[in-house]
Amino acid sequence: MNPVLAQIFFEHVAPVWLLVLGLAAAIGAAGWWFWRYVREGGTTILLAALRLLFLVALGWCLWRPALKESIASLIKPRFLVLLDTSASMKLAPPNNASRWSVAEQVASGAWRKALADRAEVEMYAFDADLGERVADVTRLQPAGNATRLRESLGKLIERYRGQPLGGVLVLSDGLDGREEKVPGDWPCPIFTVQLEPPAVWAEEADVRVTKIDTPRRVVAGWESKLTAVVAGSGTQGRVLNVQLFENDRLVAEQPTQLPAEGGTREVVFQVPHPAIGNFTYTATVAPLPGESVTNDNSYAVSVQVVDSKNRLLYVEGPPRYESKFLSRVLQANPNVTPLVFLQGPNKQFFTVGQRGGMTADMTLDQLAQFKIVILGDLTADALGETRARALVKFVGDGGSLILLGGPAAWDKGGFGATALAELLPARRPAGGAAKEGRFPLRLTAEGKSHPALAGMDQTPPVLSLFAGSALAPGAVALVEADTGEPVIAAQRFGQGKVAAVLTDSLWRWQLEPGQGAPYEKFWAQLLDWLTPSKEEREETPLDLFADVEQLFLGDAITLQARPGNPAITAAACEITAPDGRMISFPMTQQAVVTSTGRSFQGFGLEFKAPEPGLHTAVATATVNGQRVASAPYSFFVKPFSPETAPHPANAALLRALAESSGGRYLLPDEVPAALSHLQLKSAEEGRLTYTSLWNRWPVLACLVGLLTVEWVVRKMRNLP
């Protein structure tokens with residue numbers, strides 16, 4: 001730090017002329033006093049000098065001087081080292097050093113001191129999670145039972161968000177046991193290191209199913225996508241046949257082929273779900289000739305197929321904040337089964353989540369499968385007249401429609417330019433952009449008694465308003481702005497119901513502090529009112545879920561149950577092992593956090609599986625003397641962790657990670673030279689410091705000292 005500028009300034013608030021006048025008056029009065037009453041020769045001169053010095057020092061304090069310094073600080077960028085401490089780092093190829101010893105040697109190299117002149121070098125360890133900053137690599141041991149390279153790398157960079165990053169050195173073997181893809185969009189170059197020579201491991205025939213990715217709960221009548229991830233090495237180009245079993249019945253099979261050097265492939269199955277129930281799907285690949293480890297050649301998941309009651313279709317224009325927040329609320333609502341379509345480039349629709357065979361065509365046959373439809377910010381062209389006419393008939397026959405709208409939908413070329421015009425609760429003949437501002441809202445007389453706004457005497461304001469809206473005959477405004485403009489309107493049309501939202505900032509309710517979650521409450525109550533029949537809805541007394549879906553033998557899984565009935569005060573968890581044995585465990589009361597971030601009082605259980613295979617858990621409780629149970633939740637326990645299996649380092653993944661980030665894949669000896677040529681830019685940050693010069697102890701001591709000396713002299717001379 002070097003001060004580049006120092007300046008004295010004065011902080012007095014009184015006018016300068018008043019300070020000068022007061023000081024001059026004090027000096028004049030003191031001089032007149034000494035001239036008039038004190039005439040002792042040298043003593044008078046001494047006392048006058050002391051008084052004058054006191055008044056001058058007091059005047060200095062009245063001006064309140066301060067020192068302002070402008071200081072320039074040089075901020076060096078950060079260079080981070082991410083060291084893998086998982087158990088696979090202990091592996092050593094024949095006649096070679098272990099990966100850990102090579103990584104330890106690189107991490108402790110002299111390049112750190114050379115780079116320290118240009119960057120702040122900081123090191124972190126990771127395995128299943130990112131650890132804290134470490135100073136001495138010799139105190140670390142590779143003992144982690146899993147590796148999450150991408151997750152740990154993302155957490156590390158997130159910790160330094162807003163700070164200049166010069167690069168990251170990753171010391172890992174790339175054997176990522178729980179993540180399939182690591183390369184991505186990184187904000188700085190990432191350097192990876194070859195920890196063992198290539199092609200030094202004896203190639204052993206091995207093939208395995210590492211993961212199944214599929215929705216765990218689907219709706220009857222839909223199709224879902226089931227993706228089996230197959231990995232292996234030493235296949236010699238053989239075609240592998242991947243079979244899919246449903247409850248031990250072969251339902252599909254597909255061929256696949258792995259690269260000659262080993263790797264992974266995704267095999268995708270389209271699975272129909274015509275019936276309600278719980279189904280176990282097992283993906284299996286036959287062992288290769290000479291394969292010694294075969295207990296990882298299959299993987300199983302359990303899928304619950306539920307009834308299609310209260311299905312909801314949400315069709316939105318281009319993604320926006322409203323669709324982001326509303327999609328989360330719909331997914332968290334246990335009373336509806338949402339399907340979301342978003343408009344992408346070229347006005348083509350794509351889905352968020354699994355849609356099965358459903359499209360965004362909104363034909364009468366498709367709409368018949370839904371109870372509620374939400375239309376977002378769509379122009380008349382994007383919606384289409386055919387869809388609009390189908391929606392009019394859908395509502396007339398008893399369906400419910402929410403016109404969420406937006407700048408395009410509430411303009412002249414929006415909803416009002418289609419067949420929907422006849423069912424709109426509010427119309428905007430003039431169109432135009434939304435009016436921006438902060439608009440306080442109030443419930444109308446109809447809104448105060450409406451089920452959608454029950455218990456909501458006040459609502460947060462909105463920041464936009466589609467002004468110039470006029471209510472249709474028969475429609476009512478439930479919420480209006482203080483200007484009298486309708487914001488939420490509703491009406492019945494035929495046998496169905498229609499609601500309109502005349503703002504595109506309703507999502508701001510989610511961000512209002514201290515309002516008691518009005519966004520979720522409004523949507524939950526509005527959907528409840530729009531659902532044609534309450535009796536069609538099945539309440540879930542217990543919802544069981546977990547923090548992971550796959551784990552290795554010896555790992556712990558945390559099962560959590562969220563009660564849907566306040567009468568549930570105790571719960572148990574029944575776990576069925578792969579061999580059919582069922583054991584019941586009591587669950588303890590604890591806070592349960594849902595995917596939306598809300599916290600509820602629920603129950604939890606930490607479980608360690610004693611054997612590999614598919615386990616099925618069911619939460620149970622007793623309400624009014626009757627036993628209630630959750631839907632089954634399954635998790636697959638792999639027989640062993642890949643961290644302990646002798647596999648070569650994943651050089652392809654490390655190379656791809658370096659190349660995708662603008663870094664390099666290096667040999668250990670190349671690290672010092674590569675990092676010495678790394679372009680690092682230091683930033684200069686200026687800051688101001690202020691130091692008061694008048695209320696410091698030397699100045700105050702001087703004032704008191706002058707008065708004390710004058711008083712002592714007067715007493716010694718016996719002067720007044």
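Let me start with Thr622, which is exposed, at a relative accessible area of 54%. Exposed here means over 50% relative accessible area, buried means under 20%, and partly exposed is in between, with a 1.4 Å probe and protein chains only. Thr622 sits in strand E35, residues 613-623. Helices (H or I, at least four residues) and strands (E, at least two) are DSSP runs, numbered from the N terminus. Between the C-alpha atoms of Thr622 and Ala567 there are 8.8 Å, and along the chain the two are 55 residues apart.

Before going on, a word on what you are looking at. This is a predicted model, in which local features need pLDDT of at least 70 and side-chain atom pairs count only at pLDDT 80 or more, while totals for chains, interfaces and linings use all residues. Residues are numbered from 1 along each chain as its sequence is written, and side-chain values use heavy atoms, with hydrogens and water left out.

Now the chain as a whole. It has 14 helices and 39 strands. The C-alpha atoms fill a box of roughly 125 × 85 × 55 Å along the principal axes. The radius of gyration is 37 Å, whereas a compact globule of 720 residues would have one near 27 Å. That radius is taken over C-alpha atoms, and the globule rule is 2.2 Å times the number of residues to the power 0.38. Of the 720 residues, 48% are buried. The accessible surface comes to about 34900 Å², and 54% of it belongs to carbon and sulfur atoms. Such areas come from the Shrake-Rupley method with a 1.4 Å probe, and for residues only the protein chains shown count as cover. Among contacts with a separation of 6 or more, 71% are between residues 24 or more positions apart; a contact means heavy atoms within 4.5 Å.

Next, two buried residues in strands. Gln491 is in strand E27, residues 486-493, and counts as buried at 8% relative accessibility. A polar atom of the Gln491 side chain lies 2.8 Å from the backbone oxygen of Leu423. Leaving out residues up to four places away in sequence, Gln491 touches several others, including Leu424, Pro425, Ala472 and Val498.

Pro338 is in strand E17, residues 337-343, and is buried at 15% relative accessibility. Beyond its neighbours within four places in sequence, Pro338 is in contact with Leu312, Leu330 and Gln331. Ala426 is 88 residues from Pro338 along the chain, and their C-alpha atoms are separated by 26 Å.

On to charged pairs. How many salt bridges does the structure hold? There are 18 salt bridges, each being a side-chain nitrogen of Lys or Arg within 4 Å of a carboxyl oxygen of Asp or Glu. One of them joins Asp173 and Arg99, with the closest N and O atoms 3.0 Å apart. Asp173 lies in the loop between strand E6 (165-171) and strand E7 (190-193) and Arg99 in helix H3, so the pair ties together parts that are 74 residues apart in sequence. Are these two buried or exposed? Asp173 is buried at 0% relative accessibility, and Arg99 is buried at 0% as well.

Two other salt bridges lie within helices. Lys155 and Glu151 meet at 3.3 Å, N to O; both are in helix H5 (residues 149-159), four residues apart, about one turn of the helix. Lys155 is partly exposed at 34%, and Glu151 is partly exposed at 30%. Glu385 and Arg389 form a salt bridge with the closest N and O atoms 4.0 Å apart. These two are four residues apart in helix H9 (residues 385-396), so about one helical turn separates them. Glu385 is partly exposed at 35%, and Arg389 is partly exposed at 48%. There is also a network of salt bridges linking Arg78, Glu122 and Arg133.

Two asparagines have a positive phi. For Asn95, phi is near 65 degrees; this residue is in the loop between strand E3 (78-84) and helix H3 (99-107), and it is exposed at 82%. For Asn247, phi is near 50 degrees. Asn247 is in the loop between strand E11 (239-246) and strand E12 (249-257) and is partly exposed at 40%.

Last, the surface. Ile8, Phe10 and Trp60 make a nonpolar patch of about 290 Å². Patches are made of residues with over 30% relative accessible area and no salt bridge; like charges are joined within 9 Å, and nonpolar side chains (Val, Leu, Ile, Met, Phe, Trp, Tyr) within 5 Å. Phe10 belongs to strand E1, residues 2-10, and is partly exposed at 41%.

Note on methods:
A polar contact is a pair of N or O atoms within 3.5 Å; within protein, one must be able to donate a hydrogen and the other to accept it, and residues adjacent in sequence count only if both atoms are side-chain atoms.
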